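Open your viewer and get ready to click. This tour tells you what to select next and what is there.

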Amino acid sequence: GLGYVGLPLLLLFAENKYQTIGIDTDLKKVKSLKANISYISHIENRRIASNSSYFDVTSDYSALFNCEYIVICLPTPLSEENTGNPDVSILNNSIHELLKYIKNGQTIVIESTTYPGYTREALIKPVENMGLEVGSDVFVCYSPEREDPGNQFYSTQNIPKIVSGATPACLNKGLLLYRSVVDRVVTVSSLEVAEFTKLLENTQ
């Protein structure tokens with residue numbers, strides 16, 4: 001997803017010289033980025049243009065096959081039924097699509113706001129049903145997004161980043177990813193703890 005969370009993250013990796021691919025089903029976003037035009041007010045066109053050699057954008061999920069890390073940054077608004085429950089349909093649909101293209105050695109990270117237990121339920125279980133072992137074949141992490149759009153002092157790089165993994169090996173993969181671009185990374189004991197920190201922060 002290339003919204004207010006996904007696009008800054010993509011640019012942060014590109015600025016650190018990582019070859020990055022952004023995927024979004026919104027073709028207008030894809031077209032804008034290919035033309036070096038920003039659709040987010042606090043991200044300038046020149047930031048996109050100056051890093052364009054380090055990223056590509058597409059709406060085709062098959063591009064994930066060539067990625068070492070897959071980071072999911074999608075919206076989970078409250079449901080229209082006004083029950084207070086999150087609408088995870090966009091996230092579920094994305095996981096369904098990306099699982100068509102995963103391969104051994106890849107790390108999948110969810111950054112979207114969910115609820116404790118979601119990552120195990122919606123990602124780990126389907127991965128295991130494919131015959132892949134989490135922690136040796138495929139690695140799974142949860143690291144809640146912590147964006148403050150337009151803040152001149154705190155950005156994706158210097159806001160402390162919480163990272164969790166399904167296994168110690170998964171956690172190590174997540175740490176390798178985020179420590180390479182984020183100033184301070186904070187580990188927590190489980191996926192559920194990380195998921196709960198996001199709910200607590202949103203409530204606060």
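Helices here are DSSP runs of at least four residues, numbered from the N terminus. By that count, Y178 sits in helix α6, residues 168-179. Keep that residue in mind; the tour returns to it. The model is predicted.

**Stop 1: the whole chain**

Show the chain as a cartoon. Count seven helices and seven strands. Follow them from the N terminus, and the order is α-β-α-α-β-β-α-β-α-β-β-α-β-α. The radius of gyration is 16 Å, close to the 17 Å that the globule rule gives for 204 residues, so the chain is as compact as a globular protein of that length. Along its principal axes, the C-alpha trace spans about 40 × 40 × 35 Å.

Of the 204 residues, 45% are buried.

Colour the charges next. There are 17 positive and 23 negative ones, and their mean positions lie 6 Å apart.

**Stop 2: the nonpolar cores**

Hide the surface. Select I72, I95, L98, I102, I108, L123 and V127. They have the most contacts inside the largest nonpolar core, which has 47 residues.

Zoom in on I95. Which residues does I95 touch, not counting those up to four places away in sequence? They are I72, I110, Y118, A122 and L123.

Then find a second, separate core of 12 residues. Among its members are L10, V30, I40 and I43.

**Stop 3: helix α1**

Select residues 6-15, which form helix α1. Is this helix mostly covered or mostly uncovered? It is mostly covered, with nine of its 10 residues buried. Those nine are G6, L7, P8, L9, L10, L11, L12, F13 and A14.

Look at what lies over them. The cover includes strands β1 (20-23), β2 (55-58) and β3 (69-72). Helices α2 (27-34), α3 (45-50) and α6 are also part of it. After α1 comes K17, with a positive phi near 70°.

**Stop 4: back to Y178**

Select Y178 in helix α6. Why does Y178 count as buried? Buried means under 20% relative accessible area, and Y178 has 0%, so it qualifies.

Show its surroundings. Leaving aside neighbours within four places in sequence, Y178 is in contact with V71, V109, E111, S143, K161, V163 and V185.

Finally, draw a distance line from Y178 to L191. These residues are 13 apart along the chain, and their C-alpha atoms are separated by 16 Å.

Technical notes:
Residues are numbered from 1 along each chain as its sequence is written. This is a predicted model: local features need pLDDT of at least 70, side-chain atom pairs count only at pLDDT 80 or more; totals for chains, interfaces and linings use all residues. Side-chain values use heavy atoms; hydrogens and water are left out. Helices (H or I, at least four residues) and strands (E, at least two) are DSSP runs, numbered from the N terminus. The radius of gyration is taken over C-alpha atoms; the globule rule is 2.2 Å times the number of residues to the power 0.38. Buried means under 20% relative accessible area, exposed over 50%, partly exposed in between (1.4 Å probe, protein chains only). Lys and Arg count as positive and Asp and Glu as negative; His and the chain ends are not counted. The place of a charge is taken as NZ of Lys, CZ of Arg, CG of Asp or CD of Glu. A nonpolar core is a set of buried Ala, Val, Leu, Ile, Met, Phe, Trp, Tyr and Cys residues joined through side-chain atoms within 4.5 Å. Contact means heavy atoms within 4.5 Å.
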